[in-house]
Amino acid sequence: LLGFNIHGKTIGIIGTGNIGLATTKIMKGFGANVIAFDPVQNTSKQQDIGFTYTDLDTLLTTADIVSLHCPLNQSTHHLLNDKSISSMKDGVMIINTSRGGLVDTASLIKHLKSGKIGHLALDVYEQESELFFEDHSESIIQDDIFQRLLTFPNVIITGHQGFFTGEALTQIAKTTISNLTLFAESKINHNEIT
């Protein structure tokens with residue numbers, strides 16, 4: 001499978017929270033043009049990092065790579081579906097490290113087969129609770145859709161292991177301890193969801 005350079009490509013970031021912004025910085029470092037969609041725009045970071053906010057339709061039709069970094073809720077369920085994927089560039093790369101339910105897996109397969117999706121990277125999957133976090137090396141996987149995804153040479157599935165580094169685990173532990181300490185001391189915690 002032939003790769004491509006990121007330099008000069010348009011990267012569409014959907015969701016500009018901490019992870020979306022970190023991805024944006026990395027892509028800018030590679031010389032990419034970054035556009036983003038988020039209902040809550042972070043204009044100070046936009047100026048600091050140097051990306052452009054746009055509407056979702058423009059992002060989907062313009063980006064060479066679409067990277068998902070948003071929560072799964074009623075408005076984002078199957079955000080990428082047959083209609084939205086059809087509007088994308090031919091050969092688009094889709095990356096989902098956020099939540100499996102953001103994409104309609106049947107539509108992914110349809111558009112992988114047609115060549116509309118040129119590359120697909122998934123760290124999450126809609127029905128992952130039955131597949132990930134368990135050793136299935138001695139069993140037959142019953143999920144035919146997942147099995148079909150595995151047959152494509154241009155698909156990589158990391159099974160919620162994309163974060164699995166010593167540094168990431170250390171940072172997760174530090175953040176967890178800090179959150180618990182702030183809670184116990186009744187102090188303001190910027191990680192708190194209200």
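This is a predicted model: local features need pLDDT of at least 70, side-chain atom pairs count only at pLDDT 80 or more; totals for chains, interfaces and linings use all residues.
Residues are numbered from 1 along each chain as its sequence is written, and side-chain values use heavy atoms, without hydrogens or water. Local features need pLDDT of at least 70 and side-chain atom pairs count only at pLDDT 80 or more, while totals for chains, interfaces and linings use all residues.

Q: Which residues touch the most other members of the largest nonpolar core?
A: A nonpolar core is a set of buried Ala, Val, Leu, Ile, Met, Phe, Trp, Tyr and Cys residues joined through side-chain atoms within 4.5 Å. Buried means under 20% relative accessible area, exposed over 50%, partly exposed in between (1.4 Å probe, protein chains only). The largest core has 28 residues, and those touching the most other members are Ile14, Ile94 and Leu120.

Q: Which residues does Ile94 touch, not counting residues up to four places away in sequence?
A: Contact means heavy atoms within 4.5 Å. On that basis Ile94 touches Val66, Leu80, Ile85, Met88, Leu108, Ile117, His119, Leu120 and Ala121.

Q: How many bridges join strand 5 to strand 6?
A: Two strands pair if DSSP finds at least two bridges between them. Strand 4 and strand 5 run parallel, with 4 bridges, and Ile65 stands opposite Met93 in strand 5. Strand 5 and strand 6 also run parallel, and Asn96 has Leu122 as its bridge partner in strand 6. The count between strand 5 and strand 6 is 5.

Q: Does Cys70 count as buried or exposed?
A: Cys70 is found in the loop between strand 4 and helix 4 (82-86). Leaving aside neighbours within four places in sequence, Cys70 is in contact with Ile14, Gly15, Leu79, Ser98, Arg99 and Leu102. Because its relative accessibility is 9%, Cys70 counts as buried.

Q: What separates the C-alpha atoms of Cys70 and Gly17?
A: The two residues are 53 residues apart along the chain. Their C-alpha atoms are separated by 7.7 Å.

Q: Which residues lie nearest the centre of the largest pocket?
A: On a 1 Å grid over the protein atoms alone, a cavity is a set of points where a 1.4 Å probe fits but cannot get out, and a pocket is an open set with protein on both sides within 12 Å along at least five of seven lines; lining residues have an atom within 4 Å of a point. The largest pocket has a volume of about 1,100 Å³; grid points are joined across faces, edges and corners, and a volume is the space filled by probe spheres set on the points. Of its 33 lining residues, those nearest the centre are Ile19, His69, Thr97, Ser98 and Arg99.

Q: Which element supplies the largest share of the lining of the largest pocket?
A: Helix 1 (18-29), strand 6 and helix 7 (166-184) each supply at least two residues. The largest share, 3 residues, comes from helix 1.

Q: How much space lies in the largest cavity?
A: A search of the whole structure finds 1 cavity of 30 Å³ or more. Val103, Thr105, Leu122, Val124 and Tyr125 lie nearest its centre, among 10 lining residues. Its space is about 40 Å³.
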